[in-house]
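Open the model in your viewer and keep the sequence panel at hand. The tour goes from one selection to the next.

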Amino acid sequence: MRKLALFVGLISWVFAAQAMAANVETPKTDVQIGLSSETVEIASNFDGTDIVVFGSIENGEPELLAANRYDIVVVLFGPKEEIVVRRKERKLGVWVNGESLRFGDVPSSYSVATTRPLDEITDAEDARILQIGLKNINVLPELDQNSKIDIAVFRKSLARLKVSKDLFLERIGGVEFLSPTLFKAKLAVPANVPIGKHTAHAFLFRDGKFVNAQFAEMRVQKIGFEQFTYDLAHQNGLLYGIIAVLIAIATGWLASVVFGKD
Amino acid sequence: MVRCHIDRLVSVLAFRCLPGCHKVNIYLPIAEMSVNVFVLFGMGAGVGFLSGMFGVGGGFLMTPLLIFYNIPPAVAVATEANQIVASSFSGAIAHFRRATVDIKLGMMLLTGGIAGSALGVAIFSSLRKAGQLDLIISILYVVFLGTIGSLMLIESLNAIRRNRGKEETVTEVPTQQSWIANLPFKMRFHRSQLYLSVIPVLVLGMLVGVLASIMGVGGGFIMVPAMIYLLRVPTNVVIGTSLFQIMFVTMFTTIAQSATNQTVDIVLALILMIGGVIGAQFGAQAGQKLRGEQLRALLGLIVLAVCVRLGWDLVTVPSELFSLGAGGGH
């Protein structure tokens, strides 16, 4: 219901915007977006969900719109984190963690949806600057001057591991036009989604050229018991530990009452 | 991969038995992952069954199982310590009622145990920062499970062979090791009728404490034989006294891990505890129908199987050479 209401709202708002635009001289082509929900709540039954990004192209040139010459890329960035990538190597017959490389400011999750394959939408340079596509996520290694580590291999492995954990995701064709100006993109939010502030970016392209972008924020938060437990564990570990012990004692005591023979 | 298969299998089974409950995933707030309740409950009950049947704690089986199920080893180890509090508590109550606990000896073991546990938690933290925690946990398990499993198997096979020849064998109690008898700082333990140096007691307690925090085990599999063969504690107080020590050491470990590493998952622990205490009841009943040597041989085989599986992962070329770790803190 909320999605529908939002959708209807968007449509009427787009018409209003277009009516207004008629009075203004050479209005700039723009993109507007809204999210199906602004918070994702993690409760005990949370097993991943989808976020729908609705949007519209504003003040598009009618002939270009009719010819589908606009493209949309929607990206959902998770909160930034620092991450260490480690490579196993064989030492004395056993596989142990050897070389490691630390990356700062890595988006903890990254989900991208596009209207078409990326190389048809824009050139490599723009894609890199806008961080569109898995190979263009901007992660900076924290490196010693004298290190001879092969950064590219570690960077690729970081993306591959994130993909294998469902945290990095690419959906070519995941953006769907509902009308020449209205689009929607469905982005997956995995069960292990990092908590914190996520940002959805919508990029508008016309004939392979970047036109404009817009962003919207979304919060992922644990609620109720999950939030309480997590916060307590991280803010007051001592108390958390004492509670954990009391629960264990209660369970053990209950077991001896229920089953106890001697 | 393995987890997906187990999940699917259990989902299918649960769907058959309980229509409508086929997808009972629960989110673990500390491990930060969604897991199947039936799988975890089943693991708790299965290990509980074995521990009831064999009269062992089961931590040394539970922790590897959790790791096989993709629970981060750091969470598996710390949470298992919490579960052991529950299982040792009910055992310790029973021994208290029967007065089969040497409290003074238990307190000395506990003193060493708390020091060992604190040391272990510190080692755990630094290994985790260095990215070598998972490796060390695996190696320790391979070494301990391999040793204990082999000894158990050899001993029980010998016993089975002996019993074929004779009906009854008297196990000779070894004389107290002379080097232990010569150690200073002697103390009298009335309940055990021992006059003994506190050094081996403290060292033993400490060793078990370190294992509790790094491996997530109670340590009974080391403490019980050491108390019998090295310290010559009478067998009627050995189990109760070791449970007394294990209970308090795992309590301390749970609190220390929570405060230092934030790796105790209460939800995971509670599922395992409930599965464990129920499984243990059925295991204890099943155990009475089997003969001691056969039980020990079977347990030895199970222990060796887990050891081989962990060891195999250490020496074969991993399918993925790279891994990710949190980079927080320098």
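Colour chain B by pLDDT. This is a predicted model, and chain B averages a pLDDT of 83. Of the residues in chain B, 88% score at least 70.

Now compare two helices of chain B. Select H1, residues 2-17: among the elements of chain B, H1(B) has the lowest mean pLDDT, 54. Then select H5, residues 103-130, where the mean pLDDT is the highest, 92.

Go on to residues 17-22 of chain B. Here pLDDT stays under 50. The model has four contacts beyond four places in sequence for residues 17-22 of chain B.

**A helix pair in chain B**

Select H4 (residues 73-97) and H11 (residues 266-289) of chain B. Two packed helices are described by the angle between their axes and the distance between the axes. The axes of H4(B) and H11(B) come within 9 Å and cross at roughly 35 degrees. Is the crossing of H4(B) and H11(B) left-handed or right-handed? H4(B) passes H11(B) in a right-handed crossing.

Show the side chains at the contact:
- From H4(B), pick B:Thr79, B:Asn82, B:Gln83, B:Ala86, B:Ser87 and B:Ser90.
- From H11(B), pick B:Leu268, B:Ala269, B:Leu272, B:Met273, B:Gly276, B:Val277 and B:Ala280.

The residues of this contact between H4(B) and H11(B) divide into seven nonpolar, six polar and no charged.

**Chain A**

Hide chain B and look at chain A. Chain A has seven helices and 13 strands. Its length is 262 residues, and buried residues make up 31% of them. Among contacts in chain A with a separation of 6 or more, 72% are between residues 24 or more positions apart.

**Where the chains meet**

Bring chain B back. The predictor gives the complex an ipTM of 0.81 and a pTM of 0.77.

Select E5(A) together with E5 of chain B, residues 322-326. Five bridges join the two strands, which run antiparallel. Zoom in on A:Arg86: it stands opposite B:Ser323 in E5(B).

Key: Residues are numbered from 1 along each chain as its sequence is written. Chains are lettered from A and ligands numbered from 1 in the order in which they are written. This is a predicted model: local features need pLDDT of at least 70, side-chain atom pairs count only at pLDDT 80 or more; totals for chains, interfaces and linings use all residues. Axes are lines fitted to C-alpha atoms, for helices over the stretch in contact, and angles run from 0 to 180 degrees between N-to-C directions. Helices (H or I, at least four residues) and strands (E, at least two) are DSSP runs, numbered from the N terminus. A crossing is left-handed if the near helix is turned anticlockwise from the far one by less than a right angle, and right-handed if clockwise. Two residues are in contact if their C-beta atoms, placed from the backbone, lie within 7 Å. Ala, Val, Leu, Ile, Met, Phe, Trp, Tyr, Cys and Pro count as nonpolar, Asp, Glu, Lys and Arg as charged, and the others, Gly among them, as polar. pLDDT is the predictor's confidence in each residue, from 0 to 100. Two strands pair if DSSP finds at least two bridges between them. A residue is buried if 20 or more other C-beta atoms lie within 10 Å of its own, exposed if 12 or fewer, and partly exposed in between; C-beta atoms are placed from the backbone.
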